[in-house]
Amino acid sequence: MPSRKFAEGEVVRGRWPGSSLYYEVEVLSYDSRSQLYTVKYKDGTELELKESDVKPLKSFKQRKGGSTSSSPSRRRGSRSRSRSRSPGRAPKGPRRSASASHQPDVKEKETRREILQVKLTPLVLKPFGNSINVYNGEPEHMEKNDVSRKNKQERVILSPEDSYIATQYSLRPRREEVKVKEIESKEQKLVPKGPAPLETFQVTTPQRKDLEFGGVPGASLIMLGLPACLFLLLLQCRQNDPSLLSFPPPLPALGELWEARVCGIYLLWFFIQALFYLLPIGKVVEGTPLVDGRRLKYRLNGFFAFVLTSAIVGTCLFWGIELCYVYSHFLQFALAATVFSVVLSVYLYARSLKAPRDELSPASSGNVVYDFFIGRELNPRIGAFDLKYFCELRPGLIGWVVVNLVMLLAEMKVQGRGTPSLAMVLVNSFQLLYVVDALWNEEALLTTMDIIHDGFGFMLAFGDLVWVPFTYSLQAFYLVSHPHDLSWPLASVIIALKLCGYVIFRCANSQKNAFRKNPTDPKLAHLKTIHTSTGKSLLVSGWWGFVRHPNYLGDLIMALAWSLPCGFNHLLPYFYVIYFTALLVHREARDEHQCKRKYGLAWEKYCQRVPYRILPYVY
């Protein structure tokens with residue numbers, strides 16, 4: 001391993017990523033494994049640079065009669081600025097000095113140099129060209145043209161979050177932003193024809209090299225294992241003795257699981273929800289910026305869709321339609337939803353092959369199997385219909401509530417009850433509150449990892465359309481055949497536990513959303529933050545100073561409260577708690593890895609301030 005060339009505290013010149021300009025920096029540390037130097041610019045910006053991007057001061061010639069550049073955000077242009085006006089500014093009058101009239105070539109060269117410096121800064125990319133951050137810490141990619149060594153094409157990779165930060169922390173001085181159009185209109189006249197020695201930028205989406213979920217083998221195992229796990233759970237739950245001693249349950253014939261009528265009912269349900277999604281009700285908001293600077297628009301009408309669905313279900317009950325048909329054909333509905341999710345995943349992957357590169361997901365890898373699983377296209381849309389956003393909340397989440405109601409009616413029918421059991425009422429009420437909260441705060445979904453990072457593939461399609469409605473309702477499905485008499489004192493303790501988890505969950509998310517929308521809100525003035533080199537801040541007080549992810553903690557407490565009404569006779573009703581704990585641990589590990597690479601030293605400081613691991617919110 002090569003030895004380091006620069007010591008800590010040494011003042012050197014560091015290349016600003018995305019340009020060919022070097023600025024005075026101080027070496028803070030050196031990572032021997034990644035062979036990266038952590039340097040600090042004079043304006044306080046901290047970045048990690050390769051050794052090839054760091055040069056000793058003596059390798060640069062100092063300008064005569066001009067100060068050296070201190071940082072990209074404080075630069076005031078070339079020395080020509082002291083002797084001639086910017087090409088974008090009109091002269092004050094017709095007076096011209098004799099020296100100026102005798103040196104037109106010198107002025108033209110000076111003006112051209114100024115334009116070249118503007119073009120060489122990381123500000124050429126429009127409309128978010130001032131951002132040089134790389135998603136998840138991936139290194140920038142360089143491509144050389146075949147024409148000449150000078151004619152380089154530099155590719156800057158922007159994440160949706162980094163594009164947003166670019167609008168807030170512009171590296172271009174305001175007056176240069178005003179003059180940029182005039183400068184670009186003149187550069188064609190000033191720059192000679194032929195290969196222009198200017199750096200141009202193309203926006204693209206990076207493809208991951210370090211694959212998650214165990215890479216291709218892990219993705220393959222998940223795609224095969226999740227459907228099998230789902231049906232084993234449902235079959236086990238139907239047995240008189242659902243204990244582990246009777247596992248595995250007897251498997252039915254495949255012909256018994258497939259019914260065309262059930263498939264038709266499921267498709268009808270899906271397209272009714274799609275129709276509700278297209279209704280022109282609810283406000284329209286913009287999502288986070290994409291890599292090209294665009295913001296997609298989303299209509300927030302999930303709660304209205306829930307109200308309309310409730311009206312339809314109530315009408316069916318009034319007309320005497322037998323909703324228990326869903327319970328008696330629950331396995332058939334699960335198979336129909338699984339087949340539909342697979343067909344949808346095939347369609348999503350096929351259409352992603354024609355998608356532009358800048359519309360691909362940052363999580364995509366280029367591998368067919370992995371991309372089919374994780375999703376290749378970030379925001380697949382049919383016109384204004386966003387497939388991923390629709391499936392996240394509508395068919396599965398609202399369907400979960402409908403399935404729970406069906407199980408409540410089935411319990412009364414199977415057990416000959418005049419009223420549902422207290423345990424069934426608690427399970428329905430707890431989970432209804434959770435779904436209504438998600439639909440009421442629908443806008444918060446737009447900043448989640450599912451929307452801004454993961455593509456739409458089998459993982460989300462199966463998870464949203466199959467896993468959520470058919471496994472999250474497992475407690476209600478269990479109580480239909482395995483009743484449990486719950487006393488009021490114990491029910492009161494469970495209700496208190498549920499409310500405790502909900503308060504933590506909702507307060508943490510509300511504080512996060514308020515901080516994201518307006519960090520300068522006087523109501524949030526008491527909160528402490530850690531500033532990062534990306535221009536973002538890590539929240540280290542309030543709920544987010546208690547643990548790194550308090551909303552996960554609230555989620556886990558609520559999950560336990562959902563299972564407790566089922567008693568302790570069998571482990572099956574606690575599957576959701578076990579699964580959800582494993583899910584959150586894995587997600588926390590993903591977030592920890594990405595944040596450590598993205599925020600570097602600031603993340604280490606954050607971890608020291610908040611040592612308990614169940615991630616800050618970054619605005």
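The span of residues 216-235 is 100% helix and 0% strand, and its end C-alpha atoms lie 29 Å apart; helices (H or I, at least four residues) and strands (E, at least two) are DSSP runs numbered from the N terminus. The model is predicted, with local features requiring pLDDT of at least 70, side-chain atom pairs counted only at pLDDT 80 or more, and totals for chains, interfaces and linings using all residues. Residues are numbered from 1 along each chain as its sequence is written, and side-chain values use heavy atoms, without hydrogens or water.

An unreviewed UniProt entry lists residues 216-235 under "transmembrane region", together with 258-279, 300-321, 327-350, 452-474 and 486-505; such annotations may be inferred rather than shown by experiment. For residues 452-474, the end C-alpha atoms are 30 Å apart, with 70% helix and 0% strand in the span. Phe213 is placed in the loop between β8 (200-204) and α5 (215-238). The phi angle of Phe213, a residue other than glycine, is positive, near 60 degrees.

The loop between α16 (474-481) and α17 (488-517) contains His484. Beyond neighbours within four places in sequence, His484 is in contact with Ala423, Leu479, Pro565, Cys566 and Gly567, contact meaning heavy atoms within 4.5 Å. His484 and Pro565 are separated by 81 residues in sequence and by 7.6 Å in space, C-alpha to C-alpha.

Helix α18 (residues 550-563) packs against helix α19 (residues 575-599) at an angle of about 170 degrees, the axes being 9 Å apart. Helix α18 is therefore roughly antiparallel to α19 (angle over 145 degrees, on a scale from 0 to 180 degrees between N-to-C directions, with axes fitted to C-alpha atoms over the stretch in contact). Residues of α18 in this contact include Tyr552, Leu556 and Trp562, which meet a set in α19 that includes Phe580, Leu584 and Arg587. The contact comprises 9 nonpolar, 2 polar and 4 charged residues (nonpolar: Ala, Val, Leu, Ile, Met, Phe, Trp, Tyr, Cys and Pro; charged: Asp, Glu, Lys and Arg; polar: the others, Gly among them).

Methods. Angles under 35 degrees count as roughly parallel, over 145 as roughly antiparallel, 65 to 115 as roughly perpendicular and the rest as oblique.
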